[in-house]
Amino acid sequence: MLSSDGHSDRRKDEAASLLFLPLLLFCLPFEPRRPTLGTLGLEFTLLEILAGATMAVSLWCGRRRVGEALQRLPVLLLFAYAAAHLLSAALAPTHAGAAAKFAMRMAAAALFGLAVAVWPREAQRRALPALAAGAGLVALLCILEGAGVRSLDPFLNLFRPYALRIGEVRRSFGASENPNLAAALLVYGLVAVTALAGLGRRTLPIACAGTALLSTGLLFTQSRGGLGAALVALAAVSLSLRGRSRGAAGALAALGVLLGVTAVFAALSPSFGLRVSTEATASRYGVRYEPEQEVLALAPGEERTIRVRVTNTGRQTWRPGQVFLAPFWYEVQPRLAVTWESRARPIPMPRDVTSGESLWLEGRVVAPRGEGRYLLVWELSDGTSPFSLHGVDPGIVAVWVNGDRRRGEAFTFAGRPGVWGRGRLELWQLALAMWRDRPLTGVGSDNFRLLNARYGGWVDGRVRDASIRAHNAFLEAAATTGALGLLALLATLLAAARAARHRLRAPAEALDVALGAATVGWLAGIVVQSMVDVLLPFTAHYLFLGFVVGVASSRGREAT
């Protein structure tokens, strides 16, 4: 029995938790790249600092429940997943330092899961509106960004490292590092809104209004994985709530609104239909490039108009504003195409170009400043990705850049200039190759992005873009942490799902039902999007995994 002082201390502890926890969940989608705090050789973002403070406060306030929470299977398995990362980093054949830094992120995810598991009940109640509000702000940013409001760029540039923009076609980042990450955050918010609707009296209006806003923002990201995850997540929530009239009605209404908004968006945005088409439909993307000259000699920095004939050999009609021709420069030293950059604006189609048709296009290009051998590479894009990602070889012009404009002969080069062929299927094959090399502990935590060029034989085997990941979280886990990491990750997700189902069993209070159904939906969404994207390397998403595991592991009804 607690004394009056004990009750007072407990109330103070809960008040501190209620201040930090909802604030972190609301801020979860927003991680500006600057400023950062440097200490012990590490750089911490503002979001990471807030997360660290929240974990410290939560674990201190819930210190009486830490021992019990550590006995919960989902939390234990999440710690096992973090341990697999630490072991993989310790045994990494290369880039051990970078692997160790990444493994610390997974340790932070496990600690956050433990912190959430000891949250007071009122904090769990406030989690849903905080997540929904943060996702709602992301949705508004995505909509405004997608509508072409350029005045937001200075603010959004605090979060995104680059702009996915070709001509007038653009995907929304929504204050994330890339559109797929923003889409995942909107999926989390959709589930939160649906679960929150089941706790209120106006179930259908809340579910429909919230879903309409978040769905529209999601569609502006043009994330195929995010859209699939949203559909499966809302369906999972609906199935979890079957037999419970209020919550089930809201979940079904949310799913209907998502389908309706998607249909309207697809009708109004033809480029969206191209984006959501699967990579397997390679026959849509066919082109033959015929440059007017196969070898050029240019002076350093010289501007010249270059003509290239393109023939549509695929099934897709190229329409103005949807398909563009873009030139890129690649340096060849001595025989390898090793570096690249864009030096010209994309060229839009002047008219519809149907299958079998040809036309000449011309663009103004500027030669590199340095003398040497270069490749001028022509790539068609549908506004979101080059056709080469669908297996189409680009057009190549050998260019000699020298002061006296001596005409050079055609030269040979090794490797592939650019990213063509590096679609998801090839990246998955590389992940499997890494796993075969080191089946138990993998090639090192987070090392896929640093080793894919070597395994793929791209250019000289050196990393040119360290952001390229396997686009499948489970294959990347196998590649980087081996069977130990993969099994721990799968076991964590399964144990969390089982715990969520247990929380839904009758008799249960409305909050337990809502959080149980939300956890099922979140897990379903994470699994689906993780089949085509990799989320866990990013702060908001590894923290959210900890949050979901913690909610699944919390005591539920008896935690009063």
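Q: What makes the contact between arginine 307 and glutamate 292 a salt bridge?
A: A salt bridge is a side-chain nitrogen of Lys or Arg within 4 Å of a carboxyl oxygen of Asp or Glu. The closest N and O atoms of arginine 307 and glutamate 292 are 3.3 Å apart, so the pair qualifies. This pair links distant parts of the chain: arginine 307 lies in strand β7 (residues 303-312), and glutamate 292 in the loop between β5 (287-291) and β6 (295-298), 15 residues apart. Strands (E, at least two residues) and helices (H or I, at least four) are DSSP runs, numbered from the N terminus.

The model is predicted: local features need pLDDT of at least 70, side-chain atom pairs count only at pLDDT 80 or more, and totals for chains, interfaces and linings use all residues. Residues are numbered from 1 along each chain as its sequence is written, and side-chain values use heavy atoms, with hydrogens and water left out.

Q: Why is arginine 307 called partly exposed?
A: Buried means under 20% relative accessible area, exposed over 50%, and partly exposed in between (1.4 Å probe, protein chains only). Arginine 307 has a relative accessible area of 29%, so it falls in the middle class. Its partner glutamate 292, at 47% relative accessibility, is therefore also partly exposed.

Q: How do you know that arginine 150 and aspartate 153 form a salt bridge?
A: Their side chains meet with an N to O distance of 3.5 Å, which is within the cut-off and therefore counts.

Q: What makes glutamate 68 and arginine 72 a salt bridge, and how are the two residues classed?
A: The N to O distance between their side chains is 2.9 Å, so the pair meets the definition. Glutamate 68 is partly exposed at 32% relative accessibility, as is arginine 72 at 26%.

Q: Which residues are linked in a network of salt bridges?
A: The network links Asp446, Arg449, Arg469 and Glu476. The structure holds 17 salt bridges.

Q: How many disulfides does the structure hold, and what would count as one?
A: The structure holds zero disulfides, a disulfide being a pair of cysteine sulfur atoms within 2.5 Å.
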